[in-house]
Amino acid sequence: MRLRLLTALQLSRSYHQQHYANISSDPRYEIPRVKATVSHVNLEFSEYSVFNILDKLKPTATGLDGLPVWFIRMAFPWIAGPVRHIFNLSYRTSLVPVQWMRSCITPVPTIAHPVECKDFRPISVTPVLSRVMERFIVRSDLHPVLVHPDLSRLFSDRFAFRPSGSTTAALIYLFHQLTHLLQKYEYVHLISLDLSKAFDSVKHSTLG
């Protein structure tokens, strides 16, 4: 009975992964041209910084590359140098290793009794080293822009990728704005758009 249950779960997971792979794949995708601003490299990964962050890795899910956190933490004294070289090479050339772009998708139910694929939320797990490099770049390149005195006002109503941003902060901001407007006006129109599938159909060539 247990074997049948495990087999059914594996088949269900495989079906959902294939579903998400199909809707997230674009056969007409073309790699965008590198922008001129990419040549101005601001970040340089040092071996010490890579050594330090690998030493403090917390337990997390393993990606398709098969490198678990426990192995990376055990081997970091010997791999910090090579990993630093890969980080710098990827950052300078604006190219991400193919292995780091592959992820394992785990479907998580969004309702009590899911029936269709749309009743699940896909959780995409990329390789650990890919997430480490992403964290480096967000902290060094993105956060300073979001909090810069001359630019912060442009992102006052943006809550993603910010040190203190969250869905809770977004809801507080929304309710604050509604309450403030209702003090001046009899009623307020709120238009809400569901963009959960936006990246399933976005034209990558346009973004490039």
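Serine 94 sits in the loop that runs between helix 3 (69-93) and strand 1 (104-109), where helices (H or I, at least four residues) and strands (E, at least two) are DSSP runs numbered from the N terminus. The model is a predicted one, in which local features need pLDDT of at least 70 and side-chain atom pairs count only at pLDDT 80 or more, while totals for chains, interfaces and linings use all residues. Residues are numbered from 1 along each chain as its sequence is written, and side-chain values use heavy atoms, with hydrogens and water left out.

The phi angle of serine 94 is near 60°, a positive value in a residue other than glycine. With a relative accessibility of 39%, serine 94 counts as partly exposed; buried means under 20% relative accessible area, exposed over 50%, and partly exposed in between, with a 1.4 Å probe and protein chains only.

**Packing of helix 2 and helix 3**

Helix 2 (residues 47-55) packs with helix 3 at an angle of about 140°, and their axes are 8 Å apart; the axes are lines fitted to C-alpha atoms, for helices over the stretch in contact, and angles run from 0 to 180 degrees between N-to-C directions. On the side of helix 2, the contact (heavy atoms within 4.5 Å) is made by Glu47, Val50, Phe51, Leu54 and Asp55, and the residues of helix 3 that take part include Ile72, Phe76, Arg84 and Phe87. By class, this contact of helix 2 with helix 3 has ten nonpolar, one polar and four charged residues, where Ala, Val, Leu, Ile, Met, Phe, Trp, Tyr, Cys and Pro count as nonpolar, Asp, Glu, Lys and Arg as charged, and the others, Gly among them, as polar.

**Salt bridges**

A search of the whole structure finds two salt bridges, each defined as a side-chain nitrogen of Lys or Arg within 4 Å of a carboxyl oxygen of Asp or Glu.

| Salt bridge | Distance, N to O |
|---|---|
| Arginine 84 and glutamate 44 | 3.5 Å |
| Glutamate 44 and arginine 92 | 2.8 Å |

Glutamate 44 lies in the loop between helix 1 (2-23) and helix 2, and arginine 84 in helix 3, so this pair ties together parts that are 40 residues apart in sequence. Arginine 92 also lies in helix 3, and its pair with glutamate 44 ties together parts that are 48 residues apart in sequence. Glutamate 44 is partly exposed at 42% relative accessibility, arginine 84 is partly exposed at 28%, and arginine 92 is partly exposed at 45%.

**Aromatic pairs**

Seven aromatic pairs are found in a search of the whole structure; rings of Phe, Tyr and Trp (its six-membered ring) pair if their centres lie within 6.5 Å, and planes under 30 degrees apart count as stacked, over 60 as edge-to-face and the rest as tilted. The rings of phenylalanine 45 and tyrosine 91 have centres 6.1 Å apart and planes at 90°, so the pair is edge-to-face. Phenylalanine 45 lies in the loop between helix 1 and helix 2 and tyrosine 91 in helix 3, 46 residues apart, and both residues are buried. Phenylalanine 45 also forms an edge-to-face pair with phenylalanine 136, at 5.1 Å centre to centre and 90° between the planes. Because phenylalanine 136 lies in helix 4 (residues 128-147), this pair ties together parts that are 91 residues apart in sequence. Ring pairs link Phe45, Phe87, Tyr91, Trp100 and Phe136 into a cluster.
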